[in-house]
Amino acid sequence: MSEHFDVHGGARLVGEVEVVGAKNSVLKLMAAALLAEGTTTITNCPQILDVPLMADVLRSVGCEVKLDGDTAHITTPSELSHRADSPAMGKLRASVCVLGPLVGRLKKAVVALPGGDAIGSRPLDMHQNGLRKLGATSTIEHGCVVAEADGLHGAQIWLDFPSVGATENILMAAVLAEGTTVIDNAAREPEIVDICTMLTEMGAKIEGAGTSTLTVQGVESLHPTEHRVIGDRIVGATWAFAAAMTRGDLTVTGVNPHHLELVLEKLRLAGADVTTFDGKGFRIVQPERPRSVDFVTLPYPGFATDLQPFAVALSSVSEGTSMITENVYEARFRFIEEMVRLGADARTDGHHAVVRGVEKLSSAPVWASDIRAGAGLVLAGLCADGVTEVWDVFHIDRGYPHFVENLNRLGARIERVATEPERA
Ligand code: EPZ
């Protein structure tokens, strides 16, 4: 049985919505629990498909994982398996983040290549180069990343690009290496700060979280902890774009507006009134049709690539012409083909897209190709005449907890429809 959403156009979103823990943090925090024998507790976990998938990955190397509402209890045994090749590995990108902890604790790992959104080539060369610098060998064999070391030692590591995943994997190996590791051109995302905070609570010695230079003083061992996941800035921004596109009035809580400064500034340029409540949330009101704005995706604190589909969707109904530049993933403009089905006037040329706003989009059947593209199509459907069918919504369920319920509570009309396979 597959599912699609019937999205009725013409909605104006009004009300309050709470954002819970960040997908792109909780999954790595779960992997970090491998670094310490005993029970680690993670609270404010989002109820999304990727969390139970990551739990299966941890169970496959010997952990006991109990998911209880928004809390994950992960019990890591003294004896862990170094082989992580459960089928769940191929369903999400974050599964590769068990590589660092396994090499850190066991000095060896065989980790199946990850799955996740098809938005570009997504190689692992920086992960492997970092582990090699720490003293490990690393190859790709039989669909797995294999890494082994007699011992790990501190090193000076330069990243070619501030990769989130590579920073996290190298960090989680370096915390148990002998000596000092410096990761330069490290990722600066709030999710990196969150994992550094949890690792420090576990006894790690890390300086520079949130800057492009991370210094790690290796320690003998780490201990379990209890940690609350930061609010999901990508989900928070999705609600902000939803308010701007539907000329709505939303109060978004549970997310730190400091993590969204550039996004909210862009929406102000589009004509939105934005008020922030220190560290707790923001209110966004869009009184008139949005004005066109240009967007350039970059690593944090730049405009997040995960928000690019929303930039395209907003531009498709804005007054004027927008230029959107994608600098992180070479295949993330696939979304635009689906927007054109909805009557968007959009064209791409290499990593640039030009979008001329139209008064109204027109409903059609469209297909989600990844998490953010799927959510972007739902928001576009809210701005179209008629009923837009969004297919392959499992992508959306991977990253957005209770998306349809929240939208309907705020004034949308969306049905989740189960469909016989031959119709899908
Ligand atoms: C994380 O992916 C997020 N996923 C992505 O969110 C997000 O788009 C991305 O960071 C950038 O912000 C998770 O946290 C699970 P990267 P990650 O390593 O870690 C290249 C979503 O929608 N690269 O920072 O895989 C890579 O190809 C998802 O929630 C190499 O070339 O991203 C990409 O072009 C989608 N070699 C760029 O760097 C490497 O070894 C950034 O990748 C590693 C990365």
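Two strands count as paired if DSSP finds at least two bridges between them. Helices (H or I, at least four residues) and strands (E, at least two) are DSSP runs, numbered from the N terminus. The model is predicted: local features need pLDDT of at least 70, side-chain atom pairs count only at pLDDT 80 or more, and totals for chains, interfaces and linings use all residues. Residues are numbered from 1 along each chain as its sequence is written, and side-chain values use heavy atoms, with hydrogens and water left out.

**Sheet**
- Strands β2, β15, β17 and β16 form an open sheet of four strands in the order β2-β15-β17-β16, with mixed pairing.
- At the edges are β2 (14-18) and β16 (273-277), each of which pairs on one side only.
- On average, neighbouring strands of this sheet are turned by 10° against each other, direction ignored; angles run from 0 to 180 degrees between N-to-C directions, and axes are lines fitted to C-alpha atoms, for helices over the stretch in contact.
- Five bridges join β16 to β17 (residues 281-285) in the antiparallel sense.
- Phe282 in β17 stands opposite Thr276.
- Helix α8 (residues 261-269) packs on the sheet and touches β16 and β17 (contact means heavy atoms within 4.5 Å); the direction of α8 makes about 155° with that of β16.

**Helix pair α3 and α5**
- The axes of α3 (residues 99-106) and α5 (residues 164-174) come within 7 Å and cross at roughly 15°.
- α3 is therefore roughly parallel to α5 (angles under 35 degrees count as roughly parallel).
- Leu99, Gly100, Pro101 and Gly104 in α3 meet Asn169, Met172 and Ala173 in α5.

Definitions and conventions: Angles under 35 degrees count as roughly parallel, over 145 as roughly antiparallel, 65 to 115 as roughly perpendicular and the rest as oblique.
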